[in-house]
Amino acid sequence: MDISQLIKEAKQGSTAAQKCLFDEMADKLLMICRRYVKNREDAEEMMLNGFYKFFKNLSSFSYQGDAALFAWLKKIMVNECLMFLRKKNVFTISSDLVAEEVSLQEEALNNLSAAEIFNLVVQLPVGYRTVFNLYEIEGMSHKDIAALLNISEGTSKSQLSKSKVLLQKMLLKKGVEYVKRKSQ
């Protein structure tokens with residue numbers, strides 16, 4: 001059955017359609033939650049909370065295609081994770097690294113699988129990981145991140161820079177080489 005039909009049936013209260021939608025998207029959405037929330041059980045809880053909100057508000061959703069549906073679900077999941085981090089008061093801004101401008105060799109990441117890259121990102125401290133995900137993956141601006149997390153734009157930029165340095169150090173430990181960027 002296609003997604004548009006499942007949405008229509010789920011709006012009419014079909015639990016079978018809701019289960020099909022959940023089964024279809026749960027794995028992808030759990031990975032999004034895991035990018036923000038390191039603990040798998042907490043990430044699963046955030047995903048389930050997100051699906052609850054999705055189904056609760058499904059009547060206001062106008063199906064415009066699979067991409068729009070996924071974008072809406074992704075936004076719900078990210079917001080659930082950010083609320084969780086704020087509620088648990090685990091969102092702390094890390095300040096122990098001195099950022100240095102480095103860039104990876106072009107082929108450096110080709111030897112890493114998506115799972116290996118994911119595992120590196122989830123090892124970042126919460127503040128670094130959150131800003132990195134919002135900026136690099138979600139495509140948000142530093143201004144928007146600052147407003148969302150109640151931090152300054154400068155702090156957002158600093159956290160992003162430091163997250164990249166830490167990721168590069170992790171890559172070096174894995175044997176992935178980098179080259180120092182020349183000053184411009």
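Which residue just after α7 takes a positive phi? Asparagine 150 does, at about 60°. Keep that residue in mind; the tour comes back to it.

**Before you start**

This is a predicted model, in which local features need pLDDT of at least 70, side-chain atom pairs count only at pLDDT 80 or more, and totals for chains, interfaces and linings use all residues. Residues are numbered from 1 along each chain as its sequence is written, and side-chain values use heavy atoms, with hydrogens and water left out.

**Whole chain**

Show the chain as a cartoon. The secondary structure comes to 8 helices and 2 strands. Helices (H or I, at least four residues) and strands (E, at least two) are DSSP runs, numbered from the N terminus. From the N terminus on, the order is α-α-α-α-β-α-α-α-α-β.

Now colour by accessibility. Of the 184 residues, 40% count as buried. Buried means under 20% relative accessible area, exposed over 50%, and partly exposed in between (1.4 Å probe, protein chains only).

Contacts come next; contact means heavy atoms within 4.5 Å. Take those between residues at least 6 apart in sequence: 72% of them join residues at least 24 apart.

**Stop 1: α1 and α2**

Select residues 3-11 for α1 and residues 15-36 for α2. The two helices pack at an angle of about 135°, with their axes 8 Å apart. That makes α1 oblique to α2. Axes are lines fitted to C-alpha atoms, for helices over the stretch in contact, and angles run from 0 to 180 degrees between N-to-C directions. Angles under 35 degrees count as roughly parallel, over 145 as roughly antiparallel, 65 to 115 as roughly perpendicular, and the rest as oblique.

α1 passes α2 in a left-handed crossing. A crossing is left-handed if the near helix is turned anticlockwise from the far one by less than a right angle, and right-handed if clockwise.

Show side chains at the contact. α1 brings Ile3, Leu6, Ile7, Glu9 and Ala10, and α2 brings Ala17, Gln18, Cys20, Leu21, Glu24 and Met25. The residues of this contact of α1 with α2 divide into 8 nonpolar, 1 polar and 2 charged. Here Ala, Val, Leu, Ile, Met, Phe, Trp, Tyr, Cys and Pro count as nonpolar, Asp, Glu, Lys and Arg as charged, and the others, Gly among them, as polar.

Stay on α2 and pick methionine 31, which lies in that helix. Methionine 31 is partly exposed, with a relative accessible area of 38%. Draw a distance from methionine 31 to glutamate 44: they are 13 residues apart in sequence and 9.4 Å apart in space, C-alpha to C-alpha.

**Stop 2: glutamate 80**

Move to α4, residues 66-87, and select glutamate 80. Is this glutamate buried or exposed? At 6% relative accessibility, glutamate 80 counts as buried. Leaving aside residues up to four places away in sequence, glutamate 80 touches Met46, Asn49, Gly50 and Lys53.

**Stop 3: α6 and α7**

Select α6 (residues 126-137) and α7 (residues 142-149). They pack at about 135°, with axes 10 Å apart. That makes α6 oblique to α7. The crossing of α6 and α7 is right-handed.

At the contact, Thr130, Val131, Leu134 and Tyr135 in α6 meet His142, Ile145, Leu148 and Leu149 in α7. By class, the contact of α6 with α7 has 6 nonpolar, 2 polar and no charged residues.

His142, Ile145, Ala146 and Leu149 are buried. They cover an arc of only 100° around the axis, which puts them on the same side of α7. The arc is that of the directions from the helix axis to the C-beta atoms. On the other side of α7, Lys143 and Ala147 are exposed. The cover over the buried residues of α7 includes α4, α6 and α8 (153-173).

**Stop 4: α6 and α8**

The contact of α6 with α8 has 7 nonpolar, 4 polar and 3 charged residues. Among those from α6 are Gly127, Tyr128 and Phe132; those from α8 include Ser156, Gln159 and Leu160.

**Last stop: asparagine 150**

Select asparagine 150, in the loop between α7 and α8. Asparagine 150 is exposed, with a relative accessible area of 72%. Most residues other than glycine have a negative phi. Phi of asparagine 150 is near 60°, a positive value in a residue other than glycine.
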